[in-house]
Structures are given as C-alpha cells and as structure tokens.
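I opened this entry to record which side-chain contacts I looked up, and by which rules. The notes follow in the order of the search.

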Amino acid sequence: MQPTDNKPALTLAEARAQFIHLWGVSGTNWGVSKTLAQVHALLLVSPAALSTEDIMEQLTISRGNASMTVRELIDWGLIYKELRPGERREYFVAEKDMLQVTRCIIRARKRRELDQMKRTLDQLAALPGDPADAEYRAFHATLADIQQLATVSDKLLTRLMQAEKSWFWDKFLKLFM
C-alpha cells in the first residue's frame, strides 16, 4: 500500500483491524449485529481456523457473545467447524468464496424476511370483504402490487442463489461496462 497525504502505510495488523471495524459497522446497516459482522470479518481475513477463545481474545468479547455469534454464523452457512483430532476446542473457518457468501446471505435473508412477508401478504390478501367498497379495493390493489414485487424478487433471488460463479460475474460486470 502506498502512503497518501504523507500518512505512513498501514501495517497488516492495522489494515485487518480497520477491515473488521468497517465490516462490523456495515453489518449494522445490513440489519445484523456489529459483533456478528466483526466475527465474520475476523474469520474471513484469518488464514487459519480460529477457536472461540481466539475470537474472544481478538475481538474482546465474552464467551457467551462469541458462542451465540458463532452459532448464528453457522446457521447462515457463513462459517464452518473445522475438526481437529484430539482437540477439545472447536475451531471455525469462514467461507472465503464471496459468491458463496453472497448466496448464503441471500438465502438467510430471503428465509427470514421475504418468505415471511410473502406468507403474511397471502393471509392479508385472503381477507374477505366487499369488492364494491373503495377502501377494500385500494387495500387489495396495494397488496397485489406488493405481492407481485415480492414474487419477482423471490424469483430473482432464487436465480441468483443458483448462479454459477462465471455466469454471475459475467452478467454482473456487463451491467457496468
């Protein structure tokens, strides 16, 4: 890295810390906890698997917080346990393929948010009423528009989750070239 504006170049440790902080702050904007994003970032930039104790020490978080966060990241499919014969400690490694990371995030967000919204919209659309009533018609028209958008989004996200790496990057980059 070249120094800019007479600032000395960052060390690797400083750059890692800055990335972990950035990922944590960004995570809060994406609707996940700062700690979840920071643990994910730490494991992303770690060349080797880390134990819960390593995570606790490097991020100065409690055992309970580290354990709950690791479980959630495993549920998302973003990290995996690495088994080491003869070791009692559990070690964790992040998925490093960023397209696979994107798929995992899309799958989890779709399951937690979009699928739930679609079920609720379907229930609301089944509300009986008088089609001659202007309020009823307006309500159902709005629901229909949102349902249509949710259905299109669902199909798009499903296709994106199934995309192969070369196809995805080829199509994605063509949008900007």
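**Side-chain contacts**

I began with a charge over a ring: the charged end of Arg-84 sits over the ring of Tyr-91, 3.8 Å from its centre. The rule requires NZ of Lys or CZ of Arg within 6 Å of the ring centre and within 35 degrees of the ring normal.

I note the basis of these entries: the model is predicted, local features need pLDDT of at least 70, side-chain atom pairs count only at pLDDT 80 or more, and totals for chains, interfaces and linings use all residues. Residues are numbered from 1 along each chain as its sequence is written, and side-chain values use heavy atoms, with hydrogens and water left out.

I next turned to salt bridges (a side-chain nitrogen of Lys or Arg within 4 Å of a carboxyl oxygen of Asp or Glu). The count comes to nine salt bridges. Arg-84 takes part in one of them, with Glu-82, the closest N and O atoms being 3.2 Å apart. I looked up the exposure of both residues, where buried means under 20% relative accessible area, exposed over 50% and partly exposed in between (1.4 Å probe, protein chains only). Arg-84 is partly exposed at 31%, and Glu-82 is partly exposed at 32%.

Glu-90 and Lys-81 form another salt bridge, with 2.8 Å between the closest N and O atoms. Glu-90 is partly exposed at 39%, as is Lys-81 at 46%.

I then examined Asp-154 and Lys-118, whose side chains meet in a salt bridge (2.9 Å, N to O). This pair links distant parts of the chain, 36 residues apart: Asp-154 lies in helix H6 (residues 134–162) and Lys-118 in helix H5. Helices here are DSSP runs (H or I, at least four residues), numbered from the N terminus. Salt bridges that share partners join Lys-110, Asp-115, Lys-118 and Asp-154 into one network. Asp-154 is buried, at 14%, whereas Lys-118 is partly exposed, at 21%.

Last, I checked aromatic pairs (ring centres of Phe, Tyr and Trp, its six-membered ring, within 6.5 Å; planes under 30 degrees apart are stacked, over 60 edge-to-face, the rest tilted). The count comes to two aromatic pairs. Phe-19 and Trp-23 have ring centres 5.3 Å apart and planes at 35 degrees, so the pair is tilted. Both lie in helix H1 (residues 12–29), four residues apart. Trp-23 and Trp-30 have ring centres 5.4 Å apart and planes at 85 degrees, so this pair is edge-to-face. I recorded Phe-19, Trp-23 and Trp-30 as a cluster linked by ring pairs.

Notes: Helix = DSSP H or I, 4+ residues; strand = E, 2+ residues; numbered from the N terminus.
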